[in-house]
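Colleague: I am new to this structure and would like to learn how to read its features one at a time. Could we begin with the whole chain and then turn to single places in it?

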Amino acid sequence: MRRSSSPLRRLPQVLLVVAASAAAVASPGGAAATLWPNVPEQIARALTSGDALERRLAATRVGELAPETAIKLIQRGMSDPDVEVRLHLAGAAVRLRMPRAGDLVIEWLGEGDARLRLAACDVIRAAPTDRSVVALGRVLGDPDPHVRLAAATAMGAAGLPDAVSPLLGHLDDTAPEVRAEVARALGRIGDARAVVPLIGKVQDSVPEVRKATARALGELGDPRAVSALLLALQDASQDVRVEAVTALGRLRSDDATSAIADLVTASPGAAGAFPGARPSDSATSSNDVREAALRALGRIGSDAAVKALLAALAKDNPAAPRSAVRDALVSAGAAAVPALVAALAAAPSANTAAGAALVLGELKAREALPAIERGMQRGVVPLRHGLRALGALGDPAALPGVLELLGDADPAVRAEAIRAAAALLDPARPDGRAVDPARALLVDPATAPDEKLALVQLLGRTGSPRAQAALLPLAKARSTPLRLAVIEALGAARAAGQLGAAVDAALLAALDDESADVRLRAAIALSRVAGPGSARPLLQRLTVAAEQDRGALGIALSGALSRADGAKDARDASGKGLVHEVAAAIASAPDAARDALIEGLGRMPGQAAGAALARMASAAPIDDRRKIAEALAGHPEAAAALRKLAGDPDPGVRANAVWSLGAAGDKDALPLLLPLLKDPDAAVAGNAAGAIGRAAGRAGQPARAAAALCAALPDARPYVRANALAALTVAGARCDGDAARDLLARDPAEAVRLAAADHLARSGADDDRRALARCAAEDRNATVAGRCARAAAPRAPAAGAEDVAVFIVPFDAGRGGSVRDAPAPRAPFALVRADGLMRLGVADRRGEIFERGAPRGPIRLTVPAPLVK
């Protein structure tokens, strides 16, 4: 099943509408095959049969069994006299990542059947031990080159220093592919003894060997390799030149800067060829070499390297959203800032000035603000690009200069000025400086309609009461796009007093609009800004509304209740408090409204709301219990109810309860969570891993997190392994040894390798950096390779958290990817948060999940746990 891993678009406040594959919303539990209870016994008996064909058939089915059962059968069957049986069991051992399986196949390395020797290498690669890796040394002389290749691969994957000497003895293997793999293995191990022998292989007759050698020398990071790599820059093979220049960048050798700069400026085919080398038939182009050279200069980051990159800006296109030259300067970091500022102060070309300003903006170099503004005033920096740079800079001090250009004669400059001003504003920090110029343009008849929409959004970004007062008269504009923009802007920030009441009234009135889009947008806005006084009118509407409007009203009510004073719980003339009214409404509400009411009660602060949810949990139907378990994440005082729900017979209830304990529980919740790591339901076990990391992190007990989570890393279920790694990262914990590096290199699951990359990025250890660089260069999954490349130079995560609602709107991959017209009720989901933790479970009856306190940043859906093998 293919899926998109792109970050999901975040709508205002708490609504996040997402699309998932139609296969991802199958009924819970319907995806996994079910084995009859007697099947394991049948397979075990068949493996002892005197009939080889029967044993072979049984061996093919071992992988279907529970890991604990399968591993026992594999251990007993590895000595079977039939080669086919052993081969099938070896494949199962690899798929299960069977611990210490390498020791079971050492004797196979001397077998006469090459298939067994190959299988032994594969098993050792998947589950290496010291004994098995050392034993591979004698197989490097095997008569079959495929076996020698597999042995070298396994030795490199294990990363043991004991493998270095045997590998060095086979750098001159007669088979080029083996020589290349030996070089790669030596680079992976990272032992300095390999540097000098590898330098000699830079002149190998085969391009693939020279390419592998250059990469290995870069991984080893030894400056003795610089001269040889400079020679490789003249290789006839573009692939070799790319690896050589990349290696020089890893070495951060300033001595290589001049030669690398020549690759940036050289015309295609200008470089000389390595004497005696055969031309390459690779698809790698001279432009690939140039981009690799730019990246290398950025990694070197010396004065000379930055100077070469600045020279390359003259031929760069500043209008392009991204450029290799600008990316390289950004990677040079703070070291590039003085040279970029100096360039703006001189008389650069328009391209150089625009590029320098854009890089300074992306680097968030606030000290460069005066230089960018002076460059714009002097006409050196084109206004469009200067405004884009100021918006990226993020310094509110740039706002006055940006506002001066809101009325520029050039429409492109005006549009960029509006975008930059919006980027420099934060509704959470009211700033009225943009109100007057934006309002003046908004009421100007000459302003184009698309600009009016952008100006309305800008006014909303100011968070200023004066902006909201200006927007209120437009809430009933005839133009539907303008009405939508005004409603969204009114929902950007909460106003106080009479103005706040007027905004609430306008948004409540918009709930009656004939346009469903307007009604939904008004509900979202109310969820963000509606005061407690709007809760009762919304509650009354919800209980009597038509079914198609209940979804929008539920969104609005949930937000309004989150701002109600639950502790005070103001009472009306009947003496009934708001908590009582919501709880009473739940008892009689139809299914379409119950989840919205439960969610609203969960978001309502105060012990009264938590107590009401806890009372309901004891006798509620399954769907209600699932939602109550989710809603109690906002009520730590009701942790006792969550502990009870964590033992519920329904796995969806348990999954939500366990996840909520991660948000509401303290260190006392850890003993309850530990056994749930082995829950038979993958969603429950995965959420337990995430909850342990969050609870232990808050309690400042990384050792307790490591003790539980490191033991979960061999779990057969990918999402349990992935969440255990992410939870270790959240808790600030680390396992002994190289478990995370091993998972990054060998785990078959994308989710696990992504989590391992994020985990290793927090470490400054050389071994971890090498593992990430190797992953970036070699992982066949582009998503994983890209994550490893970014993880090698991590940026600080966005600060803060926010409540987010997610609606699962599936698309049917079998029907051309068409999107369905409504969220899918009770859809299984896997939600990946910005901190890497996955929340697993089943959506509510509206097809919605509510995530309290999600870290700011991208959120995405991935394949649900029931569909992941």
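Colleague: What share of the residues in the chain is buried?

Modeller: A residue is called buried when its relative accessible area is under 20%, exposed when it is over 50%, and partly exposed in between, with a 1.4 Å probe and only protein chains considered. By that reading, buried residues make up 54% of the 869 residues in the chain. Please keep in mind that this is a predicted model, in which local features need pLDDT of at least 70 and side-chain atom pairs count only at pLDDT 80 or more, while totals for chains, interfaces and linings use all residues. Residues are numbered from 1 along each chain as its sequence is written, and side-chain values use heavy atoms, with hydrogens and water left out.

Colleague: How many helices and strands does the chain have, and how compact is it?

Modeller: Helices (H or I, at least four residues) and strands (E, at least two) are DSSP runs, numbered from the N terminus; here there are 45 helices and seven strands. The radius of gyration, taken over C-alpha atoms, is compared with a globule rule of 2.2 Å times the number of residues to the power 0.38. For this chain the radius is 31 Å, close to the 29 Å that the rule gives for 869 residues, so the chain is as compact as a globular protein of that length. The C-alpha trace spans about 90 × 80 × 50 Å along its principal axes.

Colleague: What share of the contacts in the chain joins residues 24 or more positions apart?

Modeller: A contact means heavy atoms within 4.5 Å. Of the contacts with a separation of 6 or more, 68% are between residues 24 or more positions apart.

Colleague: Where is the pLDDT below 50, and what is its mean over the chain?

Modeller: The pLDDT is the predictor's confidence in each residue, from 0 to 100. Its mean over the chain is 88, and 90% of the residues reach 70 or more. Over residues 1-13, however, the pLDDT is below 50, although this stretch has 39 contacts in the model beyond near neighbours in sequence. Residues 21-33 also stay under 50, and for them the model has 27 contacts beyond four places in sequence.

Colleague: Which residues of helix α17 are buried, and what do they pack against?

Modeller: In α17, which covers residues 324-332, the buried residues are Val325, Arg326, Ala328, Leu329, Val330 and Ala332. They pack against α15 (286-300), α16 (303-313), α18 (337-345), α19 (350-362) and α21 (383-393). Just after α17, glycine 333 takes a positive phi of about 75°.

Colleague: Which residues other than glycine have a positive phi?

Modeller: Most residues other than glycine have a negative phi. Among those with a positive value here is lysine 364, at about 55°, which lies in the loop between α19 and α20 (369-378). Another is arginine 826, whose phi is near 55°; its place is in the loop between β3 (818-819) and β4 (828-832), and at 33% relative accessibility arginine 826 counts as partly exposed.

Colleague: Is lysine 201 buried or exposed, and what does it touch?

Modeller: Lysine 201, in the loop between α10 (195-200) and α11 (207-220), is buried, because its relative accessible area is 12%. Leaving aside residues up to four places away in sequence, lysine 201 touches Leu171, Asp172, Arg179, Arg210 and Thr213.

Colleague: Where is threonine 174, and is it buried or exposed?

Modeller: Threonine 174 is in the loop between α8 (164-168) and α9 (176-189), and it counts as exposed because its relative accessibility is 71%. Not counting residues up to four places away in sequence, threonine 174 touches Arg148 and Arg179.

Colleague: How does alanine 646 read, buried or exposed?

Modeller: Alanine 646, in the loop between α36 (639-645) and α37 (651-664), has a relative accessible area of 4% and is therefore buried. Beyond residues up to four places away in sequence, alanine 646 touches Arg654, Ala657, Val658, Leu661, Leu672 and Leu676.
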